[in-house]
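Open the model in your viewer and keep the selection tool ready. The stops below go from one region to the next.

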Amino acid sequence: MAAAPAVYRLRARNTATRSENRIHDDAVARRYGFGGGLVPGVTVYAYLTRPIVEAWGPAWLERGTMDVRFVAPFYDGDDVVVEPEPATDTDGTLAVELHATNGEGRLCATADARFPQAPWDASDARDWPVVPLPEQDQRRPATRDALQALVPASRAGGGAEALGTLGATFRTDVGAAYVEAVGDDLAVYRGPQAVAHPGWLLSLANYVLASNVALGPWIHTASEVRHLALVTHGDQVSVRARVLDLSEARGHELVHLDVVMMVGDRAVQRVRHSAIYRLRPAAETSS
């Protein structure tokens with residue numbers, strides 16, 4: 001029987017201070033009412049995966065799932081406490097709910113992690129086209145009209161126009177730098193047999209959006225992640241995405257993506273990825 005995940009504590013790090021996304025910059029974030037540059041959501045996701053992988057092992061990276069929602073920001077230097085609680089299990093699937101709070105006890109992120117007996121079916125992923133990325137100055141504007149043109153006519157997503165395909169190669173030195181940045185000390189991510197950290201993989205969903213859309217300050221809000229296979233040294237990851245839908249919440253405009261990551265003809269991750277692509281005017285924004 002798999003071990004129960006333990007409480008995990010660490011100090012938050014803003015790993016994106018040099019990012020094109022200036023919501024991670026102190027001065028810009030404060031103009032939108034935040035206390036400073038936001039710690040990236042994908043970094044918080046990395047924190048949430050740490051007790052799960054420690055307890056359930058690398059097999060979770062081959063077929064496990066995590067639905068994560070970011071409800072309040074972490075800032076650089078914040079204390080982070082990730083607390084797992086067993087969840088209802090009805091079909092043999094291991095299930096844990098996680099809550100990440102800051103040093104003041106404020107809830108900043110929630111997640112539902114599961115370890116099913118069988119992997120997620122991603123057989124349709126092989127049919128997704130590879131589309132050239134636009135040049136940086138040819139990216140779509142971050143407007144509702146520009147993104148609405150990509151939304152499929154039916155909720156099934158048939159015929160939806162694909163975004164440009166992002167390519168990324170995983171190497172052990174890349175992996176070592178990443179786990180150092182997020183403070184993850186698990187052995188599975190280190191050495192010549194290291195596998196890609198799930199946070200590094202999820203960051204590619206951010207990059208495929210930003211590589212296709214000329215975003216201003218923006219915020220990753222949620223992801224539904226399905227791990228399908230390990231990524232190891234030398235694997236070339238092809239990141240393909242489609243716009244599923246647009247929505248609005250509290251004056252913010254959100255985009256929801258369907259993202260699949262392939263290594264050759266093998267799907268390694270599937271994600272429903274959500275982000276605020278247009279923040280409400282700064283004078284109206286509060287933390």
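**The sheet**

Select β1 and β3: they run antiparallel and are joined by 4 bridges. Strands here are DSSP runs of E with at least two residues, helices are runs of H or I with at least four, and both are numbered from the N terminus. The model is predicted, so local features need pLDDT of at least 70 and side-chain atom pairs 80 or more, while totals for chains, interfaces and linings use all residues. Residues are numbered from 1 along each chain as its sequence is written, and side-chain values use heavy atoms, without hydrogens and water.

Now pick Arg9; its bridge partner in β3 is Val81. Next, show the open sheet of 10 strands, ordered β1-β3-β4-β5-β2-β9-β12-β11-β10-β7 with antiparallel pairing (two strands pair if DSSP finds at least two bridges between them). At its edges, β1 (8-11) and β7 (166-169) each pair on one side only.

Select Leu38, Gly41, Trp218, Ile219 and His220, the closest to the centre of the largest pocket among its 48 lining residues. A pocket is an open set of points on a 1 Å grid over the protein atoms alone, where a 1.4 Å probe fits and protein lies on both sides within 12 Å along at least five of seven lines; lining residues have an atom within 4 Å of a point. Colour α6 (198-212), which gives the largest share of this lining, 6 residues.

Finish at Ala4, Pro5, Pro86, Ala95 and Val96, which lie nearest the centre of the second largest pocket, lined by 14 residues. Both β3 (79-86) and β4 (94-101) give two or more residues to that lining.
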